[in-house]
Amino acid sequence: MPAIKALVFDVDGTLADTERDGHRVAFNRAFNDAGLDWDWSVELYGRLLSVTGGKERIKFYLDQFNTAFDAPEDLDGFVAALHASKTEHYKNLMAEGSVPLRPGVERLLREALAANVPLAIATTTTPDNVTALLENTLGRESIDWFAEIGAGDIVPAKKPAPDIYTWVLQRLGLTGEQVVAFEDSGHGVTSAADAGIDRILVTTNDYTRGQDFSRATLVIDQLGEPDQLPVRADGQSLERCIDLDMLARL
Ligand code: XBP
Ligand code: MG
């Protein structure tokens with residue numbers, strides 16, 4: 001295997017469990033502000049996650065789960081305004097410290113930084129959301145830890161399309177064989193794999209456990225801390241946390 005030249009991280013569900021207690025809550029607050037009686041429960045949100053991207057998710061909801069809604073003529077404008085309000089609520093939730101990083105994330109990021117292994121982000125979420133999460137968990141300067149941040153609408157097609165990983169690889173000047181991708185979802189794995197990345201490490205969560213991870217290299221419950229070792233889907237515990245040494249042996 002070629003040496004690892006960069007670590008590329010998904011954000012939602014991978015760096016932190018942002019979906020249930022961050023994005024979902026922010027959507028509901030935006031709906032409430034707009035006078036809409038829509039309420040995305042934890043269960044319904046799990047089904048809505050089959051479509052990535054917040055604006056796309058709202059349209060999917062109207063198409064599949066709320067067909068009785070009398071949509072305004074300018075649907076795109078209506079959705080964009082709702083989504084902008086949702087982003088503001090999301091940033092406020094992050095500022096309140098509602099969502100911590102997942103176990104092992106900060107440890108691995110700091111190890112890579114110390115070893116001069118570049119870090120990057122490949123996500124479908126809005127750039128402001130990435131900044132808000134990083135700033136409020138790792139401090140303002142942590143934005144600069146990342147050599148490239150690929151986020152939101154900078155590419156035409158969101159995950160599971162490979163576009164965002166391809167964009168990040170091009171910006172890094174690297175090929176898929178030279179990086180490790182970190183994901184939490186089946187859509188994310190498809191996106192990374194179709195961009196030519198063959199080392200993909202999945203940390204599952206309540207929404208993604210049981211999805212199709214057949215193209216992933218390793219599937220575990222979390223990156224681990226010395227007192228909380230990662231566990232594979234078959235229940236077997238790894239002997240150590242995910243660190244650079246461990247990644248080099250993937
Ligand atoms: C994350 C998403 C995002 C967020 C919402 O997918 O699907 O859409 O739920 O973000 P991934 P926005 O982790 O695979 O990147 O509302 O800003 O679009
Ligand atoms: Mg994700």
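1. A definition to start with: a polar contact is a pair of N or O atoms within 3.5 Å, and within protein one of them must be able to donate a hydrogen and the other to accept it. Residues adjacent in sequence count only if both atoms are side-chain atoms. Please keep in mind that this is a predicted model.

2. With that in hand, the interface of domain 1 and domain 2 holds eight residue pairs in polar contact, both residues being at pLDDT 80 or more. On the side of domain 1 that touches domain 2, helix H6 (residues 127-138) gives the most, with five residues.

3. As for the domains themselves, the assignment gives domain 1 as 6-17 + 101-248 and domain 2 as 19-95. Domain 1 brings 15 residues to the contact and domain 2 brings 21 residues. Their C-alpha centres are 25 Å apart.

4. About 1,400 Å² is buried between domain 1 and domain 2, and carbon and sulfur atoms give 50% of that area.

5. Salt bridges deserve a look too: the count between domain 1 and domain 2 is three. Lys-55 also forms a salt bridge with Asp-153, with 2.9 Å between the closest N and O atoms.

6. Now to the metal. Which residues coordinate the magnesium ion (ligand 2)? They are Asp-10 (OD), Asp-12 (O) and Asp-184 (OD), at 2.1 to 2.2 Å. Along the chain, these donors follow the spacing D-x1-D-x171-D.

7. Asp-12 sits in the loop between strand S1 (6-9) and helix H1 (18-33), while Asp-184 is in the loop between strand S4 (179-183) and helix H8 (186-194). The pair is 172 residues apart and links distant parts of the chain. Both Asp-12 and Asp-184 are buried.

Definitions and conventions: Residues numbered from 1 in each chain as written. Chains lettered and ligands numbered in written order. Predicted model: local features only at pLDDT ≥ 70, side-chain atom pairs only at ≥ 80, totals over all residues. Heavy atoms only, no water. Donors = N, O, S within 2.8 Å, 3.2 Å for Na, K, Ca; no water. Helix = DSSP H or I, 4+ residues; strand = E, 2+ residues; numbered from the N terminus. Buried < 20%, exposed > 50% of the residue type's maximum accessible area, 1.4 Å probe, protein only. Domains from an automatic or database assignment. Contact = heavy atoms within 4.5 Å. Buried area = accessible area lost by both parts, 1.4 Å probe. Salt bridge = Lys/Arg side-chain N within 4 Å of Asp/Glu carboxyl O.
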